Amino acid sequence: MAMLFGFGQSAEIQIRLSNEDTRKIVKARGDDGNMHDHFLYYDGESVAGVVLVNLKKANHKFEHQGIRIEFIGQIEVYYDRGNQQDFISLTRELARPGDLTQNAQFPFEFNNVEKPFETYMGTNVKLRYFLRVTVIRRLTDLTKELDLVVHALSSYPDNDKSIKMEVGIEDCLHIEFEYNKNKYHLQDVIVGKIYFLLVRIKIKYMEIAILKTEIVGSGPNTFKESETVAKFEIMDGAPVRGESIPIRLFLAGYDLAPSMRDVGKKFSVKYFLNLVLIDEEDRRYFKQQEVTLWRKADKVMRHPGSQDDEMPTSIPGTQKFNAQSVVEHPKPESPRSDPKSGSTSPDDNSDSS
Amino acid sequence: MASGASATQRIPSKRQTLDEAYAPPANFLEIEVINPITHGVGKMRYTDYEIRMRSNLPVFKQKESSVRRRYSDFEWVRAELERDSKIVVPTLPGKSLKRQLPFRSDDGIFEEEFIENRRKALELFINKVAGHPLAQNERSLHIFLQETTIDKNYVPGKIRTA
């Protein structure tokens, strides 16, 4: 929890949230590098609670020019001299200018607050939601901040086609790879297969990696940071023509967050599956494929009378995937592009399982 | 829409035929650098090595070949590949100019131990290079491995397979 004490410790400010005992807690790494607990909120939920102002020196008159609380959603870009942009800013007046002679409590409520983006702590950018109490004083204001974590939920996507492609280096290596979906939720399983059509190089082993790329800014000021989130060996040894290697990668074991697309028009977070083949001379042949990760709601909201085994079409506080967010299919990552007629795109695929 | 056990079922794939499984591997490439022989006498001596190649890769015209090459031929093919192909070409063992200076107590570059070390390093070099898919497309590599003599006035270019 970010804490900012003003000068003169004549009063202590605390922010208490409603339903603290029933609300879920998320562990997140703060600016100091340590893990902290934060309360979890969803889009549309009200943010309410009580602000406690405790006077340090009892029976001393505590003068102030007003007390207010703000709910702020902010995107901070690190490299641009700490450029901060508030995309949400709501204020509630708690007290008019006056004096406090004893400890005071100020209840507050922000009704049905829109929280359009998920909290994100990245390498070059961070998006956070927080409450800030300000006690205006003559010389310096007293402030207190309380960070909240927001998760953005989504429902099952409509157009979840499999990814199936034939790639390779002409006359050297041809593979056909398939992943069962192009959109995976964070506890999902990536099921796929690699089928070898032509192997004229000496392969030592093959692995699959999950890459996370954070893109901040645009045009000449674009910063791209890539990080390997997970690496998994799926084959050891030299395959021959006709062999099929299965893939089964459980995402729940890795620290993943949903894909973010052009959030606040400032940054994106993209995930890629990187298939890498390594030959006897440690040369690496790879193919990157973008996948979309989304967050599934833990509990399903049921309307009375609905069937239990039917997946809900919409969950309150979630957003449907728009059909525009399909996976791009870049050219194969090979020295020579693959001219074979067998190259397929998922939309043309008629025999996906 | 995926739900339940069917979502994580293994993706069915074509069965491998017996021919595919038990046919000789399509990636057979063996190159040996052997039989160093020092020719000539006195100051005009030079050492060359036999480059024996066996491969079933279709990009190579001959399935088996044997040629003799000297160190400067290796330097030639390395320079050609550096210029024409986009790969980072591995380094050759040193030229050992120190060993070529006069007034040495030993035989300089014609010492047995020196030749053996150089032979091993050249073998590593040529195997690394010849296994690279991009290097396999260069005419200079094919001339080096399979032509009896190297025509330094050849026309550089890429090999086109059928």
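Which residue's side chain meets that of Glu50(B) in a salt bridge? See view 1. All views show a predicted model.

**View 1. A salt bridge in chain B joins Glu50(B) and Arg52(B).** The N to O distance is 3.4 Å. Glu50(B) counts as buried, at 11% relative accessibility. Arg52(B) is partly exposed, with a relative accessible area of 32%. Side chains of opposite charge can pair when their charged atoms come close.

**View 2. Helix H5 of chain B is mostly covered.**

**View 3. Chain A meets chain B.** Contacts involve 30 residues of chain A and 28 residues of chain B. The buried area is about 2600 Å², with 57% from carbon and sulfur atoms. On the chain A side, Arg200(A), Arg241(A) and Arg283(A) lose the most area to chain B. Together they make up 21% of what that side buries.

**View 4. One salt bridge crosses the interface of chain A and chain B.** Its partners are Asp19(B) and Arg241(A), with the closest N and O atoms 3.7 Å apart. The interface also has 7 residue pairs in polar contact. Strands S15 (173-179), S17 (189-199) and S20 (244-250) of chain A each supply at least two residues to the side that touches chain B. S17(A) gives the most, with 6 residues. By class, this side of chain A has 13 nonpolar, 5 polar and 12 charged residues.

**View 5. Lys181(A) sits in a loop of chain A.** The loop runs between S15 and strand S16 (183-185). Is Lys181(A) buried or exposed? Its relative accessible area is 8%, under the 20% cut-off, so Lys181(A) is buried. A polar contact of 2.7 Å joins its side chain to that of Asp188(A).

View 6. Asp37(A) and Lys27(A) meet at 2.9 Å, N to O. Asp37(A) is partly exposed at 35% relative accessible area, whereas Lys27(A) is exposed at 57%. In the other pair, the side chains of Asp282(A) and Lys204(A) meet at 2.9 Å, N to O. Asp282(A) counts as exposed at 51% relative accessibility, and Lys204(A) as partly exposed at 30%.

**View 7. Salt bridges form a network in chain A.** Its members are Arg68(A), Glu70(A), Arg128(A), Arg132(A), Glu145(A) and Asp147(A). Over all chains, the count comes to 33 salt bridges.

**View 8. Chain A is built with 24 strands and 0 helices.** Of its 353 residues, 47% count as buried. The mean pLDDT is 84, and 81% of the residues reach 70 or more. Residues 322-331 of chain A stay under 50. So does the pLDDT over residues 333-353 of chain A: it is below 50.

Key: Residues are numbered from 1 along each chain as its sequence is written. Chains are lettered from A and ligands numbered from 1 in the order in which they are written. This is a predicted model: local features need pLDDT of at least 70, side-chain atom pairs count only at pLDDT 80 or more; totals for chains, interfaces and linings use all residues. Side-chain values use heavy atoms; hydrogens and water are left out. pLDDT is the predictor's confidence in each residue, from 0 to 100. Contact means heavy atoms within 4.5 Å. Buried area is the accessible area (1.4 Å probe) that two parts lose on being put together, summed over both. A salt bridge is a side-chain nitrogen of Lys or Arg within 4 Å of a carboxyl oxygen of Asp or Glu. A polar contact is a pair of N or O atoms within 3.5 Å; within protein, one must be able to donate a hydrogen and the other to accept it, and residues adjacent in sequence count only if both atoms are side-chain atoms. Helices (H or I, at least four residues) and strands (E, at least two) are DSSP runs, numbered from the N terminus. Ala, Val, Leu, Ile, Met, Phe, Trp, Tyr, Cys and Pro count as nonpolar, Asp, Glu, Lys and Arg as charged, and the others, Gly among them, as polar. Buried means under 20% relative accessible area, exposed over 50%, partly exposed in between (1.4 Å probe, protein chains only).
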